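The following paragraphs lead through a protein model, beginning with the chain as a whole and then turning to one of its sheets. Please keep the structure in view while reading.

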Amino acid sequence: MKQLKSKDLVRLGLDKGSHAGLALDILRKHYKHGDPKEGLALLQLVIANPGDYHSHPIFGPLAEKLLPVEEAIVGQKHALLDAAMGYRSYGLDGIDEATIAQMDLAMRLPVTRGGALMPDAHLGYGLPIGGVLATQGVVIPYAVGMDIGCRMCLTIMDLPASTLTRDRDRLRRIVKENSKFGKEAFDKPMEDAVLDRAEWGELPLLRDLQGIAQRQLGSSGSGNHFVELGLVELTEAAPDLGLAAGSYMGLLTHSGSRALGATVAQHYTDLARLLCQLPKTASHLAWLDLDKAEGQEYWMAMNLAGDYASACHHDIHRRVLRALGATALSVVENHHNFAWREILPTGEEAIVHRKGATPAAKGELGVIPGSMLHPGFVVRGKGSPASLSSASHGAGRKYSRSRATSTFTRSYIEKQLAKADVTLIGGSPEEAPEAYKDIHAVMAAQMDLVEVVATFWPKVVRMDKA
């Protein structure tokens, strides 16, 4: 690819100016380590039919430049409501004004039908993390988020809880060998039925992403994603878990849909912002109509990404349990960056977006983690209409990542963890326990939303940067 010149691209039909230069930059950036023939073949298709590629994640900017002016996409303009629709906030004293203002803005969309703000809420892009938003007939990619289908998964296993206090080095080794983070991937990813789904062949975007999805299967993202072995405590029997009261060993994971979800999210957010013209302050809340092709495409891709995220968790749990020689007694899992078709308390159907919020319909089980130092909780939803049957997805950040990095040191964190008998593999000051809100205060603020079934105490924690 280094030997490719602008004049070579002019022969394909591009002009000598910005078009050829932009195409060359794209090819050098995205196909530097790949097959240059693949990039050139796709470029020829873009040149021949730019209208079909205006929202392509790689060649979209070039396709836009190649479109005749009269063919350029001009989206429909929408005005915001003069005032925000009313909504319920939980743990309001722990939520900053910027986050509240961001939620207020979402509640001024003309398509909004309801909303709620969870006690772990903090500033995000578009919708706040911890925001719940119901819309009519449309889906908002950035109200789902970049990490589509990010989720929790807890396996309670048949090993005695005392295993956590014996041979900690062995547990550390097993967790490290059977989990991958960030840019890491397994040399031989496991097979999973999600990779054989028909949806991969139905959209060019998904076809392009199937290969990296296969390579990343079973791996976790960076940031606050983790794999943890810990102590699960039930103070009373839980028939819906199939467990008696007692102490158990558990495996808890937090991760999402990796490159697949991020690419789908960015692609359809860019498309939504072209089709749905909102005031600049609300542009990240642009939506796609679900009765149109673009909305249906995103809905299909979002659901595939969610199922892929689930498959990644199952892969991790299979690997770790196999290495431990353990069997699953019970499994609890839930998405928290997703959109669902649901019936609102008013009786109308809506699309309910939960960006960093846990589904909590009556009787529904979920997991709300704390931090590597503080407990997480298995919860049972109460189906609160005011929260649109939702709860927090964790403790929520108190410090930004940059502030946490400048405030806490690795040695300080390790001393804290040592006192609590927690072994950390990887991680960074960004994820310092004190960078998060008090999980007990967060849980107290949502007593009307969920009841606690079990408590999870981390003991061996693996994060990125190991």
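How many helices and strands does the protein chain have? This predicted model contains 13 helices and 21 strands. The radius of gyration of the protein chain is 23 Å, close to the 23 Å that the globule rule gives for 466 residues, so the chain is as compact as a globular protein of that length. Along the principal axes, the C-alpha atoms fill a box of roughly 70 × 55 × 45 Å.

Of the 466 residues, 55% count as buried. Among contacts with a separation of 6 or more, 74% are made by residues 24 or more positions apart.

Attention may now turn to an open sheet, in which five strands follow the order 2-3-4-15-14 with mixed pairing. Its edges are strand 2 (88–89) and strand 14 (337–343), each of which pairs on one side only. In general, strands of a sheet pair through backbone hydrogen bonds, either parallel or antiparallel. Strand 14 and strand 15 (residues 349–355) run antiparallel and are joined by seven bridges; for Glu342, the bridge partner in strand 15 is Ala350.

Helix 10 (residues 293–324) packs on the sheet and touches both strand 14 and strand 15. The direction of helix 10 makes about 115° with that of strand 14. Helix 5 (residues 97–106), in turn, lies across strand 3 (112–122) and strand 4 (129–135), and runs at about 165° to strand 3.

How values were computed
Residues numbered from 1 in each chain as written. Predicted model: local features only at pLDDT ≥ 70, side-chain atom pairs only at ≥ 80, totals over all residues. Heavy atoms only, no water. Pairing = 2+ DSSP bridges. Helix = DSSP H or I, 4+ residues; strand = E, 2+ residues; numbered from the N terminus. Contact = heavy atoms within 4.5 Å. Axes fitted to C-alpha atoms, helices over the stretch in contact; angles between N-to-C directions. Rg over C-alpha atoms; globule rule 2.2 N^0.38 Å. Buried < 20%, exposed > 50% of the residue type's maximum accessible area, 1.4 Å probe, protein only.
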